Amino acid sequence: MEALRVSPAHSPLLRSQRLQSHLPNGPQKLSTRRPIKPFVSATLSRPTADVSAEPSTSSASFETRTTPSPPPHRVSADSLQYPPGFLGAVPDRTATDGNDNGNIVDAMEYLTNILSSKVYDVAIESPLELATKLSERLGVRVWMKREDLQPVFSFKLRGAYNMMAKLPREQLDRGVICSSAGNHAQGVALAAKKLNCSAVIAMPVTTPEIKWKSVERLGATVVLIGDSYDEAQTYAKKRAQEEGRSFIPPFDHPDVIIGQGTVGMEIMRQTKGPLHAIFVPVGGGGLIAGIAAYVKRVSPKVKIIGVEPSDANAMALSLHHGQRIMLDQVGGFADGVAVKEVGEETFRLCKDMVDGVVLVSRDAICGSIKDMFEETRSILEPAGALALAGAEAYCKYYGLKGENVVAITSGANMNFDKLRVVTELANVGRQQEAVLATIMPEEPGSFKHYCELVGPMNISEFKYRYNSDKQAVVLYSVGVHTASELKEMQERLESCRLKTYNLTKSDLVKDHLRYLMGGRSNVQNEVLCHFVFPERPGALMKFLDAFSPRWNISLFHYRGQGETGANVLVGIQVARGDIDEFQARAGSLGYDYAVVTDNDEFNLLMH
Ligand SMILES: Cc1ncc(COP(=O)(O)O)c(C=O)c1O
């Protein structure tokens, strides 16, 4: 609830967020809340000049590449969507990128460096375990590479340690620095402890206390700075220059990629039979690039498949366009992979070696967290469960049977507050629960009639409130065992003229409207907006300063999800003539937002 805490005075460390100030035409569509459209409408928009890319510093052992890459184009996550499990973004290997061979790092060099990496000073060789229940369900042997069992509960220490262990002692003595709100921070802190050097970790002020405290406990100095990762990174790079510290990037460096590549080496040692594919969660691309660099050399037939959330698909879009792009907005649920732009070196390797990318929904990720809990009693963080969700969706989509597939369970640093959302969505994600609305006449006996028609289905949630003397809308969830029983129930209701809508896929319903049911009314000139508030004190007051008392706020629903950005649904009464002024004020606020006034579910449930 940080976003709703009103801070009496802003901390000097707080800076205003600039997420949207560069966007030309007011509100942008929020990528998180869109229905999945079939296939692709991806086009490139204008190049980005205002946000610098992570520079690719070459490792001492690799040749320096000289060709500077063009500035990335901005695109929306929505512009490339395909059904869950479909293998999209398959790189076009016939295209050339203008790099001459002299500039291309030899993949063999990656292989030999991975083989001689020293990550085992800090990392364990994580087990490769069979997911027995999931395997039975799918008819495929699904192996989990348990990177969630690493000392800091994710694979990230491999890359950080590998890079730091290669630094000369004099450089280590000047210390290291990185920017991260997550697992990379812990990896660098642990590696610094092991190598006996000082580490500064710059984290956005929005970082949950549990995360920065655990970094501090490892002996690193934490600096909370800026509202966003970009601001923390700018600070870290500046301080690196000023103090001569070595900057340790989270993914875009050959030595980091090599460290992550040791995961691929272990998988190839640990598997017995032939492997169909390895599913890898993708953020900036360090893990998948490292795994591909090893596996494609020793066993080129094994598919290396990236998995991304459908609202954080920077790698899929980059592979699709054949060049790195920058997402205009990125979904934050799987915070470990919420990256707007993949690395330069990671992209170069992925373009050559990755077989494609599978996209999965937030619900499916929650379903896989539950699967993992049922298999092992362990709780994965969303990014950690991503590959499992991708593997399951892929096996179902292609009807794969009898094969061996590996999914990297990459991390277990779960923000406890997120568990509430996970438990709410897990059954939907496993297609075991559906969210529906039925319109029924407001007359005695209709509720009983409705219950008879629902029949044996188990109702897990039911919302009804008297609204008009003609008809009522009820919102409810039912447990589902088979798709046909849901269809049959809908047919029973419809045949008695009880119009029924399946709202299971609507994030607006699942995040907000199901909690607002009962307050239906026609509010004049109501503009409905979905805002993402930064989770920090004063965020609400800043929002209110922008709109109140100029306009009346007619609806407000906040839903904390344990993310750095809080989901807020707002209704504001804005007369037609004031829309331009409203957009200008909303834009200058600097919070991501989308206008959703015409949303069908909103009109069904709230008007
Ligand atoms: C748990 C987890 N999984 C996957 C990733 C993605 O790794 P990469 O950025 O190397 O693609 C991260 C990145 O921090 C992570 O923390």
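The model is predicted, and local features are reported only at pLDDT of at least 70, side-chain atom pairs only at pLDDT 80 or more, while totals for chains, interfaces and linings use all residues. Numbering starts from 1 along each chain as its sequence is written, and side-chain values use heavy atoms, with hydrogens and water left out.

An open sheet is built from four strands in the order β6-β5-β4-β7, with parallel pairing. Its edge strands are β6 and β7 (246-247), each of which pairs on one side only. Strands here are DSSP runs of E of at least two residues and helices are runs of H or I of at least four, both numbered from the N terminus; two strands pair if DSSP finds at least two bridges between them.

Strand β5 (residues 199-203) is mostly covered, since five of its five residues are buried, where buried means under 20% relative accessible area, exposed over 50%, and partly exposed in between (1.4 Å probe, protein chains only). In a regular strand the side chains alternate between the two faces of the sheet. In β5 both faces are covered: A199, I201 and M203 lie on one side, V200 and A202 on the other, and all are buried.

On one flank, β5 pairs with strand β4 (residues 176-179) in the parallel sense over four bridges, and S179 stands opposite A202 in β5. Between β4 and β5 the chain passes through helix α5 (residues 183-195), and this β-α-β crossover is right-handed. The term means that, with the strands pointing away from the viewer, the path from the first strand over the helix to the second runs clockwise.

Strand β5 is also joined to strand β6 (residues 221-224) by four bridges, and the two run parallel. Here M203 stands opposite L224 in β6. The chain crosses from β5 to β6 through helix α6 (residues 209-217) in another β-α-β crossover, which is right-handed. Strand β4, for its part, is joined to β7 by two bridges, again in parallel, with V176 opposite S246 in β7.

The ligand is considered next. Of the 17 residues around the ligand, N183, G283, G284, G285 and S410 come nearest; a residue counts as near if one of its heavy atoms lies within 4 Å of the molecule. The shell comprises seven nonpolar, eight polar and two charged residues. In this division Ala, Val, Leu, Ile, Met, Phe, Trp, Tyr, Cys and Pro are nonpolar, Asp, Glu, Lys and Arg are charged, and the others, Gly among them, are polar.

Taken alone, the ligand exposes 390 Å², of which the protein buries 96%; the areas come from the Shrake-Rupley method with a 1.4 Å probe.

F547 belongs to helix α18 (residues 539-547) and counts as buried because its relative accessibility is 0%. F547 and I572 are 25 residues apart in sequence, and their C-alpha atoms are 8.4 Å apart in space.

S506 is found in the loop between β16 (500-502) and α17 (507-516). With a relative accessibility of 9%, S506 is therefore counted as buried. Its side chain makes a polar contact with the side chain of E601 at 3.4 Å. A polar contact is a pair of N or O atoms within 3.5 Å; within protein, one must be able to donate a hydrogen and the other to accept it, and residues adjacent in sequence count only if both atoms are side-chain atoms.
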